[in-house]
Every structure is written in C-alpha cells, then in structure tokens.
Amino acid sequence: MKSMIKYICIIGLTTGMLILSGCSGFLDINVDPNNPTDSPVNLLLPSAEVSLGGYFGMASTGLSHIPTLYMHQYVERGVDKNDYGVQGTNFEIEVPWAGLYSATLSDLSQIITKGKDDGNLVYAGIAQILQAYTYSLMVDIWGDIPYSEAIKGTAVIFPKFDNGKDVYTGLYALIDEGITNVSSGTGLEPGADDLFYNGDAEKWVRFANTLKLKMYAQTRLVEDVRDEVLGLINQDNLIGPGDDFELPYGTNQSPDDRNPGFTFEYGGNSTYISPFFYEMMKGTSDDNTLTNGIADPRIPYYFFNQLTNGAAAQNPTAYRDGDFVSIWMFSFNIDPNEGFDQAQSKTVAGLYPLGGKYDDGKGGAVGINSALGNTPQRLLTWFAHLYLRAELALTGVTNEDHRSLFESAMRASFDKVDEVAAQAGAPALSQAAVDVYISEVLTRYDAADNEGKLEWIMTEKWVASFGFAIDSYTDYRRTGYPKLFDGNLDTNPNTRRGREFPVSLPYSTSNLQLNPNAPAQRTITRDKIFWDN
C-alpha cells in the first residue's frame with residue numbers, strides 16, 4: 001500500500017501539470033517530460049497501473065466519466081454534456097487522452113523495453129498485457145488511434161492513426177506474447193509493486209485470456225469468432241472468483257490514496273444520480289418498464305440520500321422521489337428548478353461504485369471526509385466475464401447454457417456488492433431479498449424471446465457495472481441495450497433531447513492541432529467503431 005500511495009501522489013502531480021500547463025509539448029503523446037527514462041521496472045509498474053486506473057475511472061480526469069453520463073447513470077449540469085454534446089476540448093477528453101499516452105502507455109513501453117533488455121520477462125509480459133488492455137479501450141472509445149507509431153520518442157514525432165480493426169488484430173498478438181513472457185518465470189518477480197495481482201502470474205494469464213474473450217465478444221457482429229471463443233472456453237483458464245482486474249485504493253487523506261471517483265463525488269461537484277437509473281433499479285420507470293415491479297436490493301449500496309424522513313431540501317428541486325433528489329438529463333435551460341443549488345440535498349453515489357456512504361436511512365450532508373473512499377476501481381470482473389459468456393451462448397457463438405450463466409452472473413454481481421460492503425463494515429445484502437429478485441428476473445427472462453433475453457442480460461450487466469461505464473457504453477452501441485431514456489419520447493416537458501446519441505467520443509482537440517498526421521475530428525453521431533453493426 002505504501003508503494004500505491006507514493007504513485008498515486010505521482011499521478012496526481014502529473015494530472016495537475018496536464019491541467020495547468022500551457023505548453024503544447026505536454027500533449028505530445030510520444031514523450032512524457034516528467035517520466036525519467038532510467039527508472040527501474042519495479043518503480044515503473046505501479047506508476048503505470050495507478051495511472052491506468054485513474055485515467056479510465058469515474059472522476060473528471062477519467063475516461064469513464066462521459067460514458068457514465070451517456071449510459072444514464074449520472075447526470076451533470078452543463079448545456080453540452082447534459083445533451084450528448086461532448087467536445088474534443090472538454091477536460092474529460094483532453095486529460096485522459098494525454099495521460100494515457102504520456103504516462104500509462106509510456107511507462108508500459110519502458111517496462112517492455114527494459115524487461116526484454118535486462119531479462120525481466122515477467123515484468124515485460126505484465127506490461128504487454130496492460131498495454132493491450134489500454135489500447136483496446138481506447139479503440140472502443142475513439143476508433144482509429146495512434147498505435148504502431150505511438151510512444152516512439154523522437155523517432156516518430158507525429159504518429160499516424162491506425163485503423164481500429166488493425167489495432168485489435170495487433171493486440172491479440174501482443175496479448176499472446178505477454179502471456180508467454182509472464183508465464184516464463186524469467187528475471188525479477190513482481191510482488192507488492194504489482195497493484196493488480198501482486199505478481200501472481202496465473203492470475204495475469206487468466207485476465208489476459210478473459211481480455212481476449214471480451215474483445216472477441218465485442219466483434220462477434222462483424223466477424224466469425226466462434227473458433228477463438230470456443231478455444232478460450234475449452235482451455236478453461238479465464239477469470240474466476242477472486243481474480244477481478246481492479247485497482248485497489250486506500251483510506252489515507254494525506255497523501256490521498258482514495259478512489260479518485262470518490263474524492264470527485266464527495267469533494268463537491270455538479271454530478272447527480274440519473275433518475276432513470278434510480279427508477280430502473282426501484283422498478284418504477286415510465287421510460288423503460290423492463291424491471292417494473294422488481295425492487296433491486298442493491299439500492300442502499302449504490303445511492304446515498306442526504307435527506308431523510310421527508311426533510312426539506314435546500315431549494316426547489318427538479319426531481320424528488322421521497323428522499324431521492326436529482327435533476328433530469330436533457331433538462332438544462334428547460335427545467336425552471338434545475339439550476340438551484342442542491343449540494344447538501346442531492347442523492348450521491350454510494351458505497352459500491354466508489355467507496356461512498358452506505359445508506360442506512362439516517363441521511364446527513366456528505367463531504368470529502370464522510371466515507372472511506374477505498375472501493376477499488378473495477379475494470380474487468382468475474383461477473384462481467386459471466387455476462388459475456390451468457391451473451392455468447394444466447395447468440396449462438398457457443399453451446400453453453402445461457403440461462404445458467406445469466407443466473408451465475410447475477411449472483412456474482414450481488415456477491416461483489418457484499419465484498420465491497422464487508423470491506424467497509426457495512427451490512428451484507430439480505431439473501432432472501434437477493435433470491436426473490438433473481439427469481440423474478442429469471443421468470444421474466446424465461447418468458448422472453450431471444451431478443452428479450454439479450455435485453456435482460458445487457459440490462460443486468462449495466463446495473464452491475466455502475467462504477468465503470470466504458471464497457472457499458474460499448475455494450476449499448478453494439479447491442480442496443482439497455483434501452484435508455486429519451487427525453488423526446490418522455491411526457492415530461494422539462495426534458496428535451498437536442499442531439500443524437502454519440503456512437504464514439506471526439507478526439508482530443510489539442511492533439512489534433514499538434515499532429516499533422518491526425519485525421520479530421522470525429523463526427524460523434526456518425527463515426528462508428530469498427531465492431532458497431
């Protein structure tokens with residue numbers, strides 16, 4: 001944990017410099033002037049891992065922030081982002097783009113080079129697997145990205161943008177090489193400096209195989225992946241219970257090693273919990289009736305109500321249901337009450353997604369010291385793996401039992417909540433309530449046709465994934481599920497969508513301006529990712 005604290009401080013400093021620097025060179029994706037080129041691999045690895053978790057997380061410096069909005073789990077004030085209007089100049093785009101290249105991928109590239117040169121192949125293998133994971137998510141968000149010519153230092157100042165499909169092809173080979181190296185046992189053995197798996201080579205191999213499975217699942221609509229998928233499943237060496245790929249966080253405030261999503265949420269910000277997400281979990285939605293009548297027992301772990309027993313809010317509210325207070329998506333400059341300050345009245349993200357408070361019904365205003373903030377940043381989990389398997393079975397890619405896998409995925413999702421609760425000293429879920437919920441979902445699942453079954457799988461996966469929305473955003477674009485809230489179809493006069501759903505996110509404007517080999521800015525409502533069919 002001491003290593004983690006140290007490197008969280010490093011990443012915090014780097015992020016601050018990215019924000020404050022007026023030097024265009026700091027956005028050069030080839031060179032990070034704050035990363036020394038002679039650092040040993042056991043110091044580079046935790047730095048790379050912390051930056052990876054941070055730049056993919058839920059805070060405003062994380063790439064998951066915008067997808068959390070567009071998957072209707074968060075709502076945020078602001079005319080652009082509140083109406084699918086993300087731009088390449090937005091902080092939430094510029095910082096992750098620059099950070100992933102100049103910090104995460106740069107560190108990983110150095111580990112690979114040093115690991116091979118010095119005979120530390122286990123470190124090189126871990127870095128190769130992490131690099132493949134990083135590039136795969138960047139393709140999922142941006143499509144064509146610098147890959148083959150990226151992170152080449154002064155050898156390639158202005159890298160070309162490679163086709164996203166070609167990048168995926170290269171990543172499969174990179175993962176395989178990483179598996180070979182991490183399994184070799186050659187050179188130094190990582191330990192506590194490996195924040196994900198503490199140097200456990202077998203877990204790294206299981207994660208790498210599951211990453212390939214995930215990538216194949218995401219491309220199943222545009223290419224035949226049956227042989228590759230069956231090969232991985234028959235090999236039976238995928239993520240299992242206890243193998244979740246997630247970055248741990250601590251509870252220290254100085255230096256701060258808590259989940260950045262927690263410090264963002266509880267440090268005072270403009271985000272709210274989406275009423276649509278809340279109503280879907282409560283089983284009362286007018287906009288998507290799939291779950292109506294089924295109350296999700298995870299609500300107290302997902303959301304914390306600052307108000308209780310009908311206490312008065314600070315100001316007139318835009319949306320209130322009991323003690324749940326929020327604002328509607330698509331309501332900016334429409335809802336007359338949307339702009340009132342509700343910092344001490346609004347419902348906030350709770351324990352499960354980012355280490356906030358468990359809602360015990362007592363309420364109370366929250367602040368930066370209100371909770372532990374040590375929930376890990378989940379990235380690829382046992383439950384997500386099971387949902388992938390259920391989808392692949394249902395759609396005929398495999399012959400596995402989709403219903404059994406779907407039930408196992410749901411139970412693993414609830415187990416994950418209990419794991420987070422136990423870490424924070426919160427009560428466990430009621431097993432009876434969990435059984436009732438799953439039984440009712442399965443009853444409806446059984447009654448649905450195959451398209452309806454797919455909707456159930458993707459909707460439950462979306463709910464379980466609160467805290468990391470990049471994969472949910474990908475799932476929605478390739479399957480159309482869950483069915484999201486549309487302000488133009490709602491009877492609420494205070495919600496009107498003015499833009500179409502973004503099928504990708506814009507490139508960093510700063511980088512496009514610096515790189516003469518960059519393409520034109522993406523048209524985010526039209527420029528799809530290669531797997532989006």
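# Briefing on a predicted single-chain model

Asn333 is placed in the loop that runs between strand 6 (324–326) and strand 7 (348–349). The secondary structure consists of 18 helices and 8 strands.

**Overall form and surface**

- Taken along the principal axes, the C-alpha atoms of the chain fill a box of roughly 65 × 55 × 45 Å.
- Of the 533 residues, 61% count as buried.
- When contacts between residues at least 6 apart in sequence are considered, 74% of them join residues at least 24 apart.
- The chain has an accessible surface of about 18700 Å², and carbon and sulfur atoms account for 49% of that area.
- There are 39 positive and 67 negative side chains, and the centres of these two sets lie 2 Å apart.

**The largest nonpolar core**

- In soluble globular proteins, nonpolar side chains tend to be buried together.
- In this chain the largest nonpolar core has 158 residues, and those touching the most other members are Phe56, Tyr133, Trp142, Trp204, Phe245, Tyr302 and Phe406.
- The element that gives the most to this core is helix 5 (residues 121–142), with 14 residues.

- The bond from Ser254 to Pro255 is cis, with omega near -5°.
- Pro255 belongs to the loop between strand 2 (245–247) and helix 9 (260–266).
- The bond from Tyr481 to Pro482 is also cis, and its omega is near 5°.
- Pro482 is located in the loop that joins helix 17 (470–479) to helix 18 (509–514).

- Asp236 is a residue other than glycine with a positive phi, near 55°.
- The position of Asp236 is in the loop between helix 8 (226–235) and strand 2.
- Asp236 has a relative accessible area of 66% and is therefore exposed, as the cut-off for that class is over 50%.
- Asn333, likewise not a glycine, has a positive phi of about 65°.
- Asn333 counts as exposed because its relative accessibility is 67%.

- His65 is part of helix 3 (residues 65–70).
- With a relative accessible area of 0%, His65 is buried.
- Leaving out residues up to four places away in sequence, His65 touches Gly57, Met58, Ala59, Ser60, Glu76, Glu92, Phe264 and Thr271.
- His72 is found in the loop between helix 3 and strand 1 (74–76).
- His72 also counts as buried, at 0% relative accessibility.

- Gly115 lies in helix 4 (residues 91–118).
- Gly115 counts as buried because its relative accessibility is 0%, where the class requires under 20%.
- Gly115 and Val41 are 74 residues apart along the chain, while their C-alpha atoms are separated by 7.1 Å.
- Val41 is also one of the residues that Gly115 touches; with residues up to four places away not counted, the others are Gln110, Asn120, Leu121 and Ala124.
- Ala393 is located in helix 13 (residues 382–394).
- At a relative accessible area of 8%, Ala393 is buried.
- The C-alpha atoms of Ala393 and Glu455 are separated by 14 Å, and these residues are 62 residues apart along the chain.
- Apart from its neighbours within four places in sequence, Ala393 is in contact with Thr398, Glu400, His402 and Leu405.

Methods: Residues numbered from 1 in each chain as written. Predicted model: local features only at pLDDT ≥ 70, side-chain atom pairs only at ≥ 80, totals over all residues. Heavy atoms only, no water. Helix = DSSP H or I, 4+ residues; strand = E, 2+ residues; numbered from the N terminus. Buried < 20%, exposed > 50% of the residue type's maximum accessible area, 1.4 Å probe, protein only. Contact = heavy atoms within 4.5 Å. Areas by Shrake-Rupley, 256 points an atom, 1.4 Å probe, with all protein chains shown as cover. Lys, Arg positive; Asp, Glu negative; His and termini not counted. Charge placed at Lys NZ, Arg CZ, Asp CG, Glu CD. Core = buried A, V, L, I, M, F, W, Y, C linked by side-chain atoms within 4.5 Å.
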